[in-house]
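Visitor: Hi! Could you walk me through the interfaces in this one?
Guide: Happy to. Let's bring it up.
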Amino acid sequence: MTVTEERTGTAPTAREARVTDEHGRRVRIGELAWRYALLLLVLALTVGPFLWQLSTSLKGPTEDIFGSPPSFLPEHPTLHNYERVADTIPVWDYALNSLKVAGASVVTNCVGSALAGYALARLRYRGRRVATLVFILAMLVPVEGIIIAQFTTMRELGLNNTLIGVVLPGSIGAMNVLLMRNAFLNLPYEIEEAAYVDGANAWQRFLRIALPSVRGTVAVVAIFAFMGAWDDFLWPLIVLSDPSRFTLTIGLNYLHGTFANDERLVAAGTVIAVAPLIALFACLQRYFFRGVGEGAVKG
Amino acid sequence: MAGVSRVRRQLPTSPWLFAAPGLLVVGAFVLYPFVSTVVNSFTDRRTLLPGRFVGLANFRELIHDDMFWTGLRNSTLYIVGVVPALVVLPLLLALLVQKNIPGITFFRSAFYTPVVASIVVVGLIWVWLLDERGLVNSLLETVGIGRIGFLSDQWLLLLSAMAVTVWKGLGYYMIIYLAALANVPRELHEAAAVDGAGAVRRFLTVTVPAVRSTMVLVAALSSVAAFKVFSEVYLMAGPDGGPAGEDTTLVMLVQQTGTGLTGRVGYASALSVVVFVVTVALMLLVLRADRGERA
């Protein structure tokens with residue numbers, strides 16, 4: 001996504017009296033006014049619900065959360081609800097489980113898809129086309145359609161109700177392999193050829209030359225693997241049955257199912273689940289946007 | 001590519017070592033389950049019982065199963081409700097954030113936030129917002145409309161779930177459209193403006209034709225995703241899809257029938273085969289529409 005990046009560089013400085021658009025032409029004040037009005041409206045609609053959830057989670061037991069007209073800010077902000085969530089469900093254990101699953105998924109996806117992507121893009125051997133086709137076919141299979149068979153496979157392997165069972169099916173995503181393949185294909189071959197002439201073998205060329213040149217794509221794979229694993233719901237719901245092994249999303253669903261009437265509690269739980277990802281997004285936006293562009297073209 | 005062929009002689013086994021982990025995972029957890037789903041759909045296999053071949057019995061049962069038709073109806077309605085909104089609204093949003101005015105990068109990021117959040121978080125946020133006593137109803141009451149049971153009526157609930165899906169997807173497709181809009185030549189807009197075309201007219205005659213292939217892509221991606229809807233409805237209507245299961249979607253039905261110790265793997269696999277067939281049909285349909293219009 002070069003669009004986003006290019007534009008940040010041309011932001012007007014404070015000294016400029018007039019506002020210009022992406023082509024350096026002036027934007028009229030009237031147009032500017034309605035643009036900002038619309039932007040603020042959409043902002044209220046997209047971010048507002050999160051803030052309302054945060055506000056609800058900070059309201060004490062005596063404060064009215066159902067009032068009409070509603071009160072948007074908590075009168076006496078308290079972290080009491082967060083303590084209560086931890087007393088109700090082992091929310092920090094669930095967060096740790098989610099972190100384990102997401103962390104493992106990042107490692108396996110980065111390593112596995114970089115290796116396989118390199119094999120598809122750069123190494124020549126019999127069956128390379130077949131291997132590429134395997135990944136393309138796998139990418140087209142809708143996960144929701146194979147979830148029952150994945151469940152029986154996990155049972156046969158004795159891995160149902162384990163965190164390994166949660167990680168395994170998505171541990172090396174076919175789309176990530178193809179993303180890495182494309183990244184390697186876009187590298188000029190001459191550099192690697194020079195290394196080959198110098199006597200470097202496939203592993204050395206992969207590790208020292210090719211991999212460092214596609215760090216951006218590796219970062220995209222890492223972020224989407226993390227987000228995918230942290231946010232996933234359907235698969236962990238099916239494979240995990242023991243409440244002591246739940247991930248955050250499954251734990252939240254359990255909290256909602258059991259304590260649905262306690263809105264402050266559920267709100268605090270959702271804030272715990274969403275805060276790490278929003279922080280991650282705030283720090284690494286560039287890669288999130290880039291991933292959408294690359295993923296959409298492939299997917 | 002002259003140098004590549006020499007690699008084989010030097011390191012005969014290493015290419016397969018590179019590809020092996022990926023092939024193994026994809027083979028064992030995607031392709032094998034796919035084949036086994038198709039095979040199981042012709043058996044009466046259960047979670048704890050190996051199945052016998054029963055021919056088309058599962059598919060015959062499916063045709064007479066009211067829940068199947070309810071699920072198919074809801075999942076299909078989901079496409080009808082969600083796809084037009086997800087093709088049009090993100091495009092308008094992209095046009096809104098395209099112009100580089102101060103603070104616009106903040107707005108772009110902010111609009112993307114719902115994409116980052118887990119569907120469980122999003123679902124629960126909206127369950128609370130649309131609650132009988134929640135914020136939306138408080139506001140409606142304040143302005144004098146009165147409270148609406150968004151989550152108690154079968155159809156309102158389905159509509160609400162669709163709205164949540166659209167809300168969560170807006171930012172994602174906005175980014176896709178932004179990339180496409182960046183490639184629209186500005187001369188086209190200028191020429192149209194010189195000819196006296198207004199904003200709406202320019203949108204329809206310049207922008208839409210220029211991003212048409214992206215609109216088709218978005219339609220394809222969002223219709224496949226919409227048909228497979230699970231989490232939004234599961235969270236808003238409950239695991240059973242409402243008191244009589246009237247809001248159950250097809251994937252919810254797969255999950256209900258096939259999992260747990262008493263799961264009917266064979267029958268759930270037959271339902272899954274329907275999911276495959278419709279998904280593939282949707283992709284072909286959208287691609288064909290694309291080609292037909294272009295010709």
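Guide: Keep in mind that this is a predicted model. Let's start between the chains, where 102 residues of chain B are in contact with 109 residues of chain A.

Visitor: OK, and how much area is buried between chain B and chain A?
Guide: About 9600 Å², with carbon and sulfur atoms giving 73% of that area.

Visitor: Which three residues supply more than any other three of the area that chain B buries against chain A?
Guide: Those are Phe18(B), Phe29(B) and Trp128(B), which together supply 9% of what chain B buries against chain A.

Visitor: Let's talk charges. How many salt bridges are there between chain B and chain A?
Guide: The count there is three. Lys228(B) and Glu144(A), for instance, meet through their side chains in a salt bridge, at 3.4 Å from N to O.

Visitor: Which element gives the most to the side of chain B that touches chain A?
Guide: Helix α2 of chain B, residues 14-40, gives the most, with 20 residues.

Visitor: How does that side of chain B divide by class?
Guide: The side of chain B that touches chain A has 68 nonpolar residues, along with 22 polar and 12 charged ones.

Visitor: Switching topic: what does the domain assignment give for chain A?
Guide: It gives domain 1, covering 2-78, and domain 2, covering 87-298. As for how they meet, 13 residues of domain 1 of chain A are in contact with 10 residues of domain 2 of chain A.

Visitor: How much do domain 1 and domain 2 of chain A bury between them?
Guide: About 870 Å², and 67% of it is on carbon and sulfur atoms.

Visitor: What is the salt bridge count between those two domains of chain A?
Guide: Zero between domain 1 and domain 2 of chain A. For polar contact, the rule finds three residue pairs across the interface of these domains of chain A, both residues being at pLDDT 80 or more.

Visitor: Which elements give two or more residues on the domain 1 side of chain A?
Guide: On the side of domain 1 that touches domain 2, those are α1 (2-8) and α2 (29-57) of chain A. Of the elements there, α2(A) gives the most, with five residues.

Visitor: Last one: how do the residues on that side of domain 1 of chain A divide into classes?
Guide: Where domain 1 of chain A touches domain 2, its residues divide into five nonpolar, five polar and three charged.

Note on methods:
Residues numbered from 1 in each chain as written. Chains lettered and ligands numbered in written order. Predicted model: local features only at pLDDT ≥ 70, side-chain atom pairs only at ≥ 80, totals over all residues. Heavy atoms only, no water. Domains from an automatic or database assignment. Contact = heavy atoms within 4.5 Å. Buried area = accessible area lost by both parts, 1.4 Å probe. Salt bridge = Lys/Arg side-chain N within 4 Å of Asp/Glu carboxyl O. Polar contact = N/O pair within 3.5 Å; in protein donor to acceptor, adjacent residues only side chain to side chain. Helix = DSSP H or I, 4+ residues; strand = E, 2+ residues; numbered from the N terminus. Nonpolar A, V, L, I, M, F, W, Y, C, P; charged D, E, K, R; others polar.
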